[in-house]
Amino acid sequence: QPLRVTAVSATMTVTGNLVPGADEQIAWDGPGYQGDFIGIGLPGERYQTYAYTNRGNPVTIALPDQTGSYELRYYLSEDTVIATQPLMVGK
């Protein structure tokens, strides 16, 4: 039987005011594999905060304490990023 392989993708939606240090709700659409998580970090750097997708949808994640430009990322298990989007905290 033919086997069809497709790329895995994800999207994330933030709806709050993005106050530094506050908890934020992140809605997501993605594979939700065991070990998947959503992380926030500075562009080009490792995540600073994260929440596992198995905690529900939306997930609650703590925003970084400092105002600035960050990236919101969907990770497959370890460190494979399948989606990113810019995130302005406190601006």
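1. Two strands are taken to pair if DSSP finds at least two bridges between them, where strands (E, at least two residues) are DSSP runs numbered from the N terminus. On that basis, E1 and E2 pair in the antiparallel sense, over four bridges. Within this pairing, Met-12 has Trp-28 as its bridge partner in E2, while Thr-13 stands opposite Ala-27.

2. The model is a predicted one, in which local features need pLDDT of at least 70 and side-chain atom pairs count only at pLDDT 80 or more, whereas totals for chains, interfaces and linings use all residues. Residues are numbered from 1 along each chain as its sequence is written, and side-chain values use heavy atoms, with hydrogens and water left out.

3. E2 is also joined to E5 by four bridges, and these two strands run antiparallel; here Ile-26 has Val-59 as its bridge partner in E5. Together the three strands form an open sheet with the order E1-E2-E5, in which the edge strands, E1 (11–14) and E5 (59–62), each pair on one side only.

4. In a regular strand the side chains alternate between the two faces of the sheet. E2 has a covered face made up of Glu-24, Ile-26 and Trp-28, and an uncovered one with Asp-23, Gln-25, Ala-27 and Asp-29.

5. Glu-24, in strand E2 (residues 23–29), deserves a separate comment. Not counting residues up to four places away in sequence, Glu-24 touches residues including Val-14, Leu-18, Val-59 and Ile-61, with contact meaning heavy atoms within 4.5 Å.

Conventions: Buried < 20%, exposed > 50% of the residue type's maximum accessible area, 1.4 Å probe, protein only.
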